[in-house]
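Hi,

Here is the structure you asked about. Please open it first, then read my notes below.

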Amino acid sequence: MFAQNQKASFLEQTKAAREERALEKRREQAAILLQSTLKGYAARRKYQKRIILDFDAMFTENHDDKDAELELVASNVYPVLRRYLTQIRLDKSDVRARERLERICRYIIKAMESENTKLSYAALCLFKERSLPWIAHIKILLTNCLTLLPELKPENHADSLSLALFLHTLVVFTAPKSWAILRNAQFEKLQPAMQKICCNIQGHLVQHDFYKIMRLVLIRGTVREELSVKPVTLVAIITLCLRPLIDGNFSRNLLAKFLSEILSVPALIYHLQQSVPQCLEQFSSMGLLKKALSISGDVQWFEEFGTSMPGTKSLAFLGNIVNLFNIDGQGESKELAYPLLTETTTSLLELIPNTVTTKGVFTQWHELLGWHTPGPEPAQNQNVALIKKQFHMLWDHRCIKLLLGDLLKQINLNYERIEFQSPQQPSISNLLRRALERSSTRGVNLMGVASSKQSKQQWRKLDSAEVVQVSRICGMYYAALNTLSQMKLDILTGICYSDNVLYDIWLLITSLGPNCGMKEYLELLKSETNLQKPQTAMLMLFCDCMTHYVTILDEHEMYTEQNPFKLNDYVLLTYFLNNILYKLINDNLLAGAKNIVQHPVFLSLHTLMLCLYRRDCRRPFTPPKHWLIPEVKPSTFINDLEKAKRNAMLLLAKMPHIIPHEDRVKLFRKFVQNEKAVMGLTESACASPRSALIVIHRDRIVEDGYRQLAAQPTQALKGVIRVRFINQQGLHEAGIDQDGVFKEFLEETIKKVFDPSLNLFKTTSDQRLYPSPISYVQDNHLELFEFVGRMLGKAVYEGIVVDVPFASFFLSQLLGQTQQALYSCMDELPSLDNELYRSLTFIKHYKQDVSDLNLTFSVDQDVMGKIVTLALHPGGKARVVNDHNKLVYIHYMAFFHMNTQIREQTIAFNRGFRSIVNPEWLSLFSPPELQRLISGDTSPLDLKDLQKHTHYYGGFHDTHQVVCWLWDILAKDFTEEERKLFLKFVTSCSKPPLLGFAHLEPPFSIRCVEVSDDEDTGDTIGSVIRGFFAIRKKDPLNRLPTSSTCFNLLKLPNYQKKSTLRDKLRYAVSSNTGFELS
């Protein structure tokens, strides 16, 4: 046991001793390494100091005489310079090191200009043993120059001199042209060899980030609109950048570096054009633009090239390309326009969104791209205003004419505009049409109907060469619309108002086949790659431009001037849009669309269709029933809605106008009934405890109604509201019918609140109502507006028509149309103030300088007898209206009068109205249709319909003599205006219900009366018998017919003569009286 412990102890001691020796050895080795490193460092430092001393000795002995310094023998200088450059590493922060580098550059530049072989520094490379070391140390020198370039600030005078010196040095060694020694006859043969040396040096520089450094220098020098670098410096940089390209025969790698680093400097071409146009001449002579555009030929490589650049860098590159294209001569530009410029620009514009991130913790606003996450690119926000100027060249008059204008004029040269003829409905007339077509094919051209053979020859194919060319160019502009989101209006305006290009595109589209090539386009949109097809882009661009054009167009331009678009063009266009959209939704034709309503094609088509539809609603230009789709059967459509079929629901949401208005009103009433059923508010609930009871004093109708109903929840207002009136004596009035009493309360409330004397509403010149801008003089005016909105909503909800004519612009606000992008305040301004509209239209078409009118972006208003000047936007009082901003001023003025000054009132009214009526239901109607929903139908009074749905009381019946006289008088003796007065006399509204008198609530009734209203206690057995048998208690010669509008009731005495009835009725309805006459 003891021996084993001893052995183990011995082994441990031995191991420890061995480890101690190994550790000691490592320590010794580390000490030796440390000593050698320190000694080596000390030796190198000593050697470097000696090199620096030798350099300083050579270049500072003649410090006062710089010319003497430059007369040094090259062979003596070479070893000193070579040792210095190879052994001394450049320290960018060392001022002395920079001074020494500048001395070297000055000496070498001078020495290279000497023709003396002893003094020329270039002569040294002629010796075989020296050539390679000479080239190596020159490369180090030039690399050092490159390293210092980004540290220089061109706006600083000293730095600008250093910049020029370093660039001069680089210029000297990248081409042998300035090497004076090669001018000697004996050395002329060496020119090619020297050129190879320079190419070798260029390759070395390119590998050491030459183009990136040149880019940084250019960015520093062009950071402002005014250059901080001198023109000669700019020329040197461009010369240096072009040399590797030229000597490398424009290889793809070098061209890619030049394009991505140099031609992507923001607004470079703009600065060159302003300062050194000779550089652009050099670009032109080299065919640089053509070579730059040709890179898009290799699709895969070009895509990699585009995605390698950040979005802001690609924008700057594209801006310079457009600028170059605009500078080139007309001939060269035409040659490059298609397909080179078109394809390259389109591809880059489509690639840019993929390189720009809009999501992230830190986002930045860009004037062209909008919100984006900034990348590492240093110049992403530099010269954006100048880049915008460059891009404007793409849609200015010259470029549009060059790319599209001339081409379209040539294509449409022998093409005539098509007159729209509404497709005939399937009927016997089709037989006649087919007969005419057969006749015309035999050579008999009847009624101007072109033969089918001729027609087929006229239509262009969607894939024909000229259509594809126009489509690709349109595709470029559509890509610009999507990518340059902040310049959308500028692009649209450029296309809309340049050389009638928009109209020429329209002519091209109409030549694609019947109904603008609808069949061909539907086939195209069925394909999975519909968005990649240029023809799709042409259609979307046209629709977006037309939307912009129609929005800006005023009524005089559209309806009177009709130049270039005729009203017939709009009719044909709306037919095309309406039908193609219907087919896209109904047949689900947009391939690959998960949500069809978000598909770009659908959005463009639908936006334009809505714009034209609303313009047609305000002032019709289409024939009757133009917007209806004949194949849509309302009953089938409503059945599909009940089954929640997706296509039917989409059609109702996006195109409700394709079914007749009457059917939409029925649908609206059905929605109301369904909601009532769900909420338990049907007629069976009339007597339920949930129905609200309000007590109203006759002399405080509005105040009592507001106080009691404003606090009621929405559901209660949608239900039954029972009204109990208290007369002026403070006694409860007996209500005959709950609905009738509520109708009377509603009519009286609406009559009072819409009375302009209350100052809640004002009237236009044609007696249309809109909120008063100075309604704030009333206490709680916004709460009152909300209450009025609720009451009107209740009337619409219950189907009670009220004679309240609203201004068209206010109806648009009720429908929520003013919040949409395509809405133009100027279009609806006539419905508010026709005089103001004419004044603003005068400014729009003013031929002279608008600034002579001394207008500013402000408006003077008479507020309670005091003139107050209000700015249309912040700082507007100081902003002068001129030719450039007059359109903006016009729209600001229209927006102020129709929106700004009544915004709060409209919001409050809308809130109340929409709390009762679902906004989705309202979207079924246009503004005129909403007015009809509120106030009844505008069609003439249908007496037969009224007679059919009339109830009789007090002994009257439909064959009673007095009743027969009444209908005969209304039909034969009363004018249309008098019939309206009669309807207003008995129902309080001069317009019939939208769906006819079957839907009048309560139903129209005629009651035989014997006594005055004050004595009338209702029908008795005796009164009914006397009325039925025409037995009169006394002659009612002196009594007038009366009415109870709350019950739609006519109280008619039992007259003895028809003439008496006619005269009394005419007097009563003309006097606009009801209860008070008896």
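Are helix 18 and helix 21 roughly parallel or antiparallel to each other? This is a predicted model, so please read everything here as computed from it. The axes of helix 18 (residues 397-411) and helix 21 (residues 465-483) cross at roughly 155°. Angles over 145 degrees count as roughly antiparallel. The two helices are therefore roughly antiparallel. Their axes come within 11 Å, and the crossing is left-handed.

Which residues make that contact? Helix 18 contributes Cys-399, Ile-400, Leu-403, Leu-404, Leu-407, Leu-408 and Ile-411. From helix 21 come Glu-466, Gln-469, Val-470, Ile-473, Cys-474, Met-476 and Tyr-477.

Helix 4 covers residues 95-112. Its 18 residues should span 26 Å at 1.5 Å a residue, and the end C-alpha atoms are 26 Å apart, which agrees. Asp-94 caps the N-terminal end of helix 4. A side-chain oxygen of Asp-94 sits 3.0 Å from the backbone nitrogen of Arg-96. The buried residues of helix 4 include Arg-100, Glu-102 and Arg-103. Also among them are Leu-101, Ile-104, Cys-105 and Tyr-107.

Helix 3 (residues 74-87) passes the length check too. Its 14 residues should span 20 Å, and its end C-alpha atoms are 19 Å apart. Its buried residues are Ala-74, Val-77, Tyr-78, Val-80, Leu-81, Tyr-84 and Leu-85.

**Pro-771**

Pro-771 lies in strand 6 (residues 769-771). Is Pro-771 buried or exposed? Pro-771 is buried, because its relative accessible area is 0% and buried means under 20%. Gln-905 is 134 residues away along the chain, yet the C-alpha atoms of Pro-771 and Gln-905 are 6.5 Å apart. Leaving out residues up to four places away in sequence, Pro-771 touches Leu-760, Phe-761, Lys-762, Phe-785, Phe-810, Ile-902, Gln-905 and Thr-906.

**Asn-1048**

Asn-1048 is in the loop between strand 11 (1042-1044) and strand 12 (1049-1053). Asn-1048 is buried, with a relative accessible area of 0%. What lies 2.6 Å from a polar atom of the Asn-1048 side chain? The backbone oxygen of Pro-1002 does. Setting aside neighbours within four places in sequence, the contacts of Asn-1048 include Pro-1002, Pro-1003, Phe-1004 and Ser-1005. Lys-743, Val-986 and Thr-987 are also among the contacts of Asn-1048.

Best wishes

Terms used: Residues numbered from 1 in each chain as written. Predicted model: local features only at pLDDT ≥ 70, side-chain atom pairs only at ≥ 80, totals over all residues. Heavy atoms only, no water. Helix = DSSP H or I, 4+ residues; strand = E, 2+ residues; numbered from the N terminus. Expected span 1.5 Å × (residues − 1). Buried < 20%, exposed > 50% of the residue type's maximum accessible area, 1.4 Å probe, protein only. Polar contact = N/O pair within 3.5 Å; in protein donor to acceptor, adjacent residues only side chain to side chain. Axes fitted to C-alpha atoms, helices over the stretch in contact; angles between N-to-C directions. Parallel < 35°, antiparallel > 145°, perpendicular 65-115°, else oblique. Left-handed = near helix turned anticlockwise from the far one by under 90°. Contact = heavy atoms within 4.5 Å.
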